[in-house]
Amino acid sequence: MFDFLFRLFDTSDFPARWYCGNWTAGHGYLHIGSDLATWAAYMALPCVLAYFALKRDDIVYPKILWLFAVFIFACGTVHLIEASIFWWPAYRVSGVVKLVTAAASWLTVLALVRIVPQAMELPQFSMVMTQLQEESIARKKAQHNLEERDRRTQIILESAIDAVILMSDKGHVTQWNPQAETIMGWTAEEAIGQELAELFIPPKYRDQHRSGLQRFLETGEGPILNQRLELTALRRSGQEFPVELTIIPFQLSDQWEFCAFVRDISELKEAERIQGTLSALAESSADAIIGEDLEGTIISWNREAENLFGYESSEIVGESIMKIVPEELQEELTAALSRVTTGDSIRDWETMRKRKDGTQILVSVTISPIYNRNGDIIGVSSIDRDLTERQKYIETLRQQTAELENTNEQLLKMKDRAETANQTKSQFLANMSHELRTPLNAIIGYSEMMLEDIDRGEQESLPDDLEKIRKAGRHLLELINDVLDLSKIEAGKMELFVEEINPESFVTEIVETVAPLAKANTNQVMLSDLGPLPNMVTDRTKLRQILFNVLSNASKFTENGRIDLSVKTVQMSAEPWIEFTIQDTGIGMTEEQLDSVFDAFSQAEQSTSRKYGGTGLGLAIVGQFSQMLGGNYEVTSQLGEGTTFTIRLPQRLEVPVFRKDQDEAPLAETSASAETSESEDRETVLVIDDDPRVHDMLTRFLSRDGLKVVTASNGVDGLEKARKLRPMAITLDLLMPSMDGWAVFRELKDDPELCEIPVVILSIVDDQEMGFALGVSNYLTKPIEMPRLASLLKQYRSHESACSLLVVDDDADTRMRIAEAMAEEGWSVVEAGDGQQGLDQLNSQRPDLIVLDLLMPGVDGFEFMSELRKNEKWQSIPVVVVTAKDLTQEERERLSGRVESIIQKNASRGDELLEQIRKYLRQRPLEESDDENDQTSAG
């Protein structure tokens with residue numbers, strides 16, 4: 001064999017083809033290139049046939065293809081050898097290859113002889129191509145359908161509300177949908193390839209799961225397969241939770257796979273638990289509890305609902321809620337349910353419901369939305385409570401409550417009246433203690449000085465002193481009158497006398513009356529905006545006093561200015577009202593002062609009251625009278641620019657006209673009899689007053705002096721009797737119904753025959769200039785008893801030289817009387833009108849003793865003492881505080897250690913005051929002051 005192969009490849013006895021004959025290069029390479037090209041083509045053909053033959057399993061004649069491939073391969077090899085012979089003369093190998101090629105060729109021919117007849121029976125090529133195309137289309141369609149099914153399956157798996165898990169027969173996860181990720185907490189990438197038991201099943205159940213899977217694979221038995229089971233599963237976090245599980249086996253390619261459907265039933269179990277609790281509560285509730293869906297269909301009906309409405313649960317569940325609602329109220333309920341389904345709740349809604357027997361009952365309904373775990377409203381809960389018995393009870397209770405409220409209202413009114421009376425009393429005592437002492441001080445002081453002047457035979461100053469006493473007395477009377485007026489208003493004793501008046505003539509008359517008061521401060525009173533005005537029905541006297549008080553206030557606080565009064569009609573609550581506006585250019589007020597301007601006894605501050613006078617009651621009466629007349633009032637002001645008062649009153653005040661009580665008739669009869677019983681030859685006094693008691697009193701009093709008294713109960717009767725009798729004098733009251741005293745006075749002065757008759761005003765409100773409104777002159781202070789004070793001051797005199805006294809007091813009259821009294825005792829008196837002037841006097845001359853008032857404008861007594869004790873030169877000067885002020889504990893502590901004594905000016909007995917001073921002097925030795933003057937001081 002070795003020799004054969006050696007001999008086969010031996011080329012030693014053959015020349016190369018290049019040396020056989022005369023080959024040119026072109027001719028030789030033509031043969032070589034052609035043989036190589038043919039060899040390459042022959043080699044490609046079997047490769048192509050083999051490639052496509054291997055791609056298909058349905059070749060009709062596969063052996064002929066392989067035989068044909070061998071034949072082609074052999075032919076190609078022959079051409080390759082032919083090309084190589086030009087260099088390698090392997091003619092023996094070439095012969096062998098050609099022999100093989102010849103054999104393959106004849107084998108192919110023989111095979112074709114057998115195959116060609118069969119091949120002739122095959123369909124034509126075009127038909128085959130058509131069939132192939134149809135098969136291709138069918139395959140593509142099937143492939144598309146398969147892909148669509150796969151896509152739909154994937155979509156279903158991804159959108160399924162349950163977890164869908166595929167696993168192999170080994171228990172490993174092959175597919176894990178998004179819901180499985182949500183429920184279990186494992187992502188698909190983490191879960192696929194893992195054993196399901198490790199991911200999903202609690203440890204205590206894993207062996208049971210694995211043994212069951214193995215038993216099914218071995219025996220085909222699986223009792224839990226294709227069943228819906230409730231089990232406990234495991235989340236990635238380790239939390240166990242209830243699930244509903246179904247496992248379905250299926251076989252593919254002789255291999256089992258499993259599909260598990262898992263549903264998380266945690267919310268369902270919780271809902272069942274809550275539902276059980278709620279059902280128990282609903283069944284035990286004393287109210288009807290009804291559950292409805294969003295369409296108003298009843299879905300639950302408790303036992304009390306059965307009792308209340310008469311329907312069994314089986315009869316009503318599934319029916320509309322409108323079945324128990326009266327027809328006329330169904331739209332109302334529909335609107336209410338619409339509100340509730342948007343999140344509102346309706347509580348304690350009292351309405352009617354219809355029972356099974358058709359009767360209607362009153363119920364209290366509370367309707368609330370029902371939410372699921374996601375916060376969505378899924379239904380409505382209605383709680384109905386029977387109010388039939390309660391309504392009867394409430395009706396009885398309402399009657400009893402009304403009676404009780406009426407009783408309480410009466411008690412509250414009585415309580416308010418008592419509290420108001422107590423408050424008024426306290427306020428009166430607090431504010432008026434100082435005010436009442438002020439004019440008494442002047443009366444007592446000047447009376448004492450007059451007696452001393454008479455004793456000495458000095459009478460030149462008596463007229464001035466008497467005038468001061470008169471003014472102080474009138475001031476005291478005005479103060480008392482204002483207090484009594486306010487007291488009558490607050491006590492409800494002030495009556496209304498309604499009559500018709502013309503506003504234009506009424507305000508014109510008032511402006512003329514108040515003009516003298518305005519001129520006193522060089523003011524102009526102007527009347528503007530008057531027309532046209534309808535007649536008013538109101539109380540003339542009250543309205544006059546309102547306007548007088550406001551105009552008086554404006555005149556007092558305005559100097560060299562203008563006061564405007566305007567009247568116009570305004571509409572309030574569809575009714576005509578009359579608006580009175582008084583605007584001045586005076587000193588104005590601050591916001592704090594505006595807040596209390598209508599309070600009783602209220603003024604800006606003490607310095608204002610001292611400078612301008614007044615009791616602080618005038619505007620309080622304005623406020624009270626305005627309310628009595630059914631109106632309102634307001635004030636606006638700016639400090640330094642003026643004040644505007646606005647009074648609004650109804651055009652018609654609907655109240656009955658006051659009539660005198662019947663029990664006053666006997667006094668009137670007494671007066672009348674007195675009038676007729678008097679002799680006709682005595683001088684006549686006409687008494688015009690609406691009070692029969694006044695008639696009786698004046699008749700009896702004046703008759704003793706031999707005068708004849710004629711009485712008149714009203715202004716019209718008084719004018720008629722004045723014209724008829726021509727009396728010697730007339731006494732006139734100001735507050736009378738129908739025609740008040742000022743109107744009577746004007747008629748008297750306008751009548752030439754009556755204008756010379758003297759008229760004396762006798763009224764609860766007395767005024768030297770204009771009656772009700774002028775009110776006050778100024779504040780006089782401190783009812784000091786001069787003998788007591790003189791006795792006290794004697795104890796401080798120096799025995800070696802004349803003693804000097806500094807009197808610090810803002811009341812000029814008080815300073816003057818102290819100076820006169822002390823001069824007689826040998827004192828040298830220096831006066832200071834306020835604390836600052838007193839300090840200035842100390843800088844120029846050091847006194848031996850200081851008499852100090854506490855209540856002063858600017859620097860008051862407390863501030864004066866503070867400055868006095870800061871200066872070492874002044875610290876040893878004795879100071880006696882003489883005040884009418886009731887000191888508080890805090891004020892006494894401020895003065896403690898700084899003053900020698902505090903003497904109340906209303907001390908009852910002079911000897912007690914002297915004894916107190918003597919005791920004080922015995923306790924304090926004589927000391928020498930810094931300015932080398934001997935001073936007496938007490939500790």
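Five strands, in the order S7-S6-S10-S9-S8, make up an open sheet with antiparallel pairing. At its edges are S7 and strand S8 (346–354), each of which pairs on one side only. Direction ignored, neighbouring strands of this sheet are turned by 30° against each other on average. Please keep in mind as you look around that this is a predicted model.

| Strand pair | Bridges | Sense |
|---|---|---|
| S6 and S10 (residues 377–386) | five bridges | antiparallel |
| S6 and S7 (residues 298–301) | three bridges | antiparallel |
| S9 (residues 360–371) and S10 | nine bridges | antiparallel |

Is S6 (residues 288–292) largely enclosed or open? Four of its five residues are buried, so the rest of the structure largely encloses this strand. A residue counts as buried here when its relative accessible area is under 20%. Ile290 makes a handy landmark: its bridge partner in S10 is Ser382, and in S7 it stands opposite Trp301. S6 and S7 form a hairpin with five residues between them. In that turn, Gly296 has a positive phi of about 85°. Further along the sheet, Ser368 has Ser381 of S10 as its bridge partner.

What lies across the sheet strands S6, S8, S9 and S10? Helix H13 (residues 330–340) does, and it runs at about 150° to S8.

In soluble globular proteins, nonpolar side chains tend to be buried together. The largest nonpolar core of this model has 42 residues, and Leu543, Leu547, Phe580 and Ile582 touch the most other members. Among the elements that give two or more residues to this core are helix H16 (503–520), helix H17 (540–556), strand S14 (562–572), strand S15 (575–584) and strand S17 (642–650). A second, separate core of 26 residues includes Met167, Ile183, Met184 and Phe216.

Leaving aside neighbours within four places in sequence, Ile582 is in contact with Leu547, Val550, Leu551, Ala554, Ile563, Asp564, Leu565, Thr643, Thr644 and Phe645.

Two of the contributing helices also meet each other. The axes of H16 and H17 come within 10 Å, crossing at roughly 35°, and the crossing is right-handed. On the H16 side, the contact is made by Phe506, Val507, Glu509, Ile510, Thr513, Val514, Leu517 and Ala518. H17 brings Arg540, Leu543, Arg544, Leu547, Phe548, Leu551, Ser552 and Ser555. Sorted by class, this contact has 10 nonpolar, three polar and three charged residues.

Next, a look at a loop. Where is Asn523 found? It is in the loop between H16 and strand S12 (524–528). Asn523 counts as buried because its relative accessibility is 5%. Not counting residues up to four places away in sequence, Asn523 touches Ala518, Ser555, Thr558, Glu559, Asn560, Gly561 and Ile563.

One more helix brings us back to H16 and H17. In helix H24 (residues 741–750), Gly741, Trp742, Ala743, Val744 and Leu748 are buried. What covers these buried residues includes H16 and H17, along with strand S18 (684–688), helix H23 (715–725), strand S20 (729–732) and strand S21 (759–761).

Terms used: Residues numbered from 1 in each chain as written. Predicted model: local features only at pLDDT ≥ 70, side-chain atom pairs only at ≥ 80, totals over all residues. Heavy atoms only, no water. Core = buried A, V, L, I, M, F, W, Y, C linked by side-chain atoms within 4.5 Å. Buried < 20%, exposed > 50% of the residue type's maximum accessible area, 1.4 Å probe, protein only. Contact = heavy atoms within 4.5 Å. Pairing = 2+ DSSP bridges. Axes fitted to C-alpha atoms, helices over the stretch in contact; angles between N-to-C directions. Left-handed = near helix turned anticlockwise from the far one by under 90°. Nonpolar A, V, L, I, M, F, W, Y, C, P; charged D, E, K, R; others polar.
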